[in-house]
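Hi,

Here is the structure I promised to pass on. Have a look at it first, and then read my notes below.

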Amino acid sequence: MKIVFSKPGLPQTGMVVVGVFAERELTSSARSLDESMNGGLVRAIEASRFKGGKGQSLTVLAPAGTRLDRVYVYGLGEAKDVDILGLQAVGGQIYAALSSKRAASVHVAVDRLEDSELAAHEMAAEIALGARLRSYRFDKYRTKQKKDDKPSLKTLHVHCEEGEKARAAYRVSDKVADGVFLTRDLVSEPANVLFPESFAKIIKDELEPLGVEVNVLKPKDMKELGMGALLGVAQGSAREARLVTMTWWGAGKPAKKGRTSKDKAPLAFVGKGVTFDTGGISIKPSAGMEEMKWDMGGAGVVTGLMKALAGRKARVNAVGVVGLVENMPSGTAQRPGDIVTSMSGQTIEVLNTDAEGRLVLADALWYCMETFKPKLMVDLATLTGAIIISLGHEMAGVFSNNDELATNLVAAGTEVGEHLWRLPLGDEYDKMLRSDAADMKNIGGRGAGSITAAQFLQRFVGDVPWAHLDIAGVSWSKKGTPTVPKGGTAFGVRLLDRIVADFYEK
Ligand code: BES
Ligand code: MN
Ligand code: ZN
């Protein structure tokens, strides 16, 4: 879908979209449209239940006295409550309502609000972003789709004052949306198509043209580095593991490799990339197992984030590290009770082969820390079913050894509507990982499953400021929202792009 910003003033034909506030108070565009309809818009509104509340809408077909095909009226709620997320939702709602209506283009009027901090061009850019985010589809494998099942909308015209400024604002968020779409594609791909090797190739193909350095480690390299924890997970699969690093030097490359000066030190983002999680020998029940194709969600977010940062040329140094493996049961699979040695030298008794994400991250985090000496590390992982018990599908869990980082993450999440809830870490939880046979075991007790998982990760981050996002409940949506269609959500891309922009970009 193309998005075009134009001068105020709706066309006389086609489909047009105007806003109305709570209590049926018209915006100025709605008022002038009503005039050209000889009061027909107000009559249509009054004859309906539409009151102008947030999320409400009304459609008027072929209004008499005009040559328009359709007028779509969206509710804005109280003028004083109009905010960025609400406008994105409006954009998404407009897209969803009109993309199935045969029209190839629609024209949306955006008026300046009195006593609002938001300028009309900012509002226009947010509506455009919402529409773009909602327009995502994953239909590459549907060969029998009829024309009427496909979205018809090709161009969204957004009419506002200072279109030039709207265009500039949208240019940035459009790049972030590109990152979101890449993540959604990765998460949606089935595991016969997306496996470590093919994932690594996509990363190269997508990111290298943007100026990101991509480095791919193969099993032999990882063996030399001593990554016994990650390789132990991979050993049951016919698909070879990969560990991929992506570096974006948007704030200038440090003079010497490995001796990163403090202010050039990169931010690091580390992702769990289990391209399919059967559970291994501790095999999962078959019902719902297909969902484990998106157990690479963390790695998907890291990849999409790097695309967003490079795409919008963020003035920041950032590195992405993803550990890519497939967790399968087989004659070569690791067994419950096996003891593996991680790259850090710490040994791990694998009591449950289904607690594999933390084993992958143990080596990915350690490698990241040693290789890049990052300013901070944020990992993302579809790590525990327990986080779904705690927070459902509404929020992700955040764990951190650094209050400032945790606070910034929560704030960035609130801004973009990707909500985080901080959960505790502590010695008593750490003790639950004690093993009789090795330095630690890979599962805790019955309770606090998400916390003991985070506690496990903390053993591999030294004293680098670090946060762990458990995104198991939010990576896939069965119901969707105005800006997130059903399916892969890419939760985390916008949040991390935001924290970079708000707190770490020069
Ligand atoms: N990938 C799963 C976690 C998961 C569950 C993600 C549901 C998305 C939806 C993870 O590898 C796992 O299997 N975790 C186990 C840990 C347990 C064995 C300690 C779990 O949560 O049951
Ligand atoms: Mn598992
Ligand atoms: Zn898993």
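Let's start with Glu162, which is partly exposed, with a relative accessible area of 45%. Bear in mind that this is a predicted model. The side chain of Glu162 forms a salt bridge with that of Lys165, at 3.2 Å from N to O. Lys165 is partly exposed too, at 44%.

Why do such pairs form? Side chains of opposite charge can pair when their charged atoms come close. The count of salt bridges here is 28, so here are a few more of them, going by the cut-off of 4 Å between nitrogen and carboxyl oxygen.

Asp497 and Arg312 meet at 2.6 Å, N to O. Asp497 sits in helix H15 and Arg312 in the loop between helix H9 and strand S11, so this pair ties together parts that are 185 residues apart in sequence. Asp497 is buried, at 5% relative accessible area, and Arg312 is buried at 16%.

Then there's Asp403 with Arg422, at 3.0 Å. Asp403 is exposed, at 54%, while Arg422 is partly exposed, at 34%. Arg132, Asp174 and Asp178 are linked in a network of salt bridges.

Now for the metals. The zinc ion (ligand 3) is coordinated by Lys272, Asp277, Asp295 and Glu356, at 2.0 to 2.4 Å. Its six donor atoms subtend angles of 77 to 173°, which makes the arrangement octahedral. The manganese ion (ligand 2) is 3.2 Å from the zinc ion (ligand 3), and Asp277 coordinates both. Asp277 is in strand S10, and Glu356 is 79 residues away, in the loop between strand S13 and helix H10. Both Asp277 and Glu356 are buried.

Cheers

Note on methods:
Residues numbered from 1 in each chain as written. Chains lettered and ligands numbered in written order. Predicted model: local features only at pLDDT ≥ 70, side-chain atom pairs only at ≥ 80, totals over all residues. Heavy atoms only, no water. Donors = N, O, S within 2.8 Å, 3.2 Å for Na, K, Ca; no water. Tetrahedral: all angles 85-135°; square planar, octahedral: opposite > 155°, others 65-115°. Helix = DSSP H or I, 4+ residues; strand = E, 2+ residues; numbered from the N terminus. Buried < 20%, exposed > 50% of the residue type's maximum accessible area, 1.4 Å probe, protein only.
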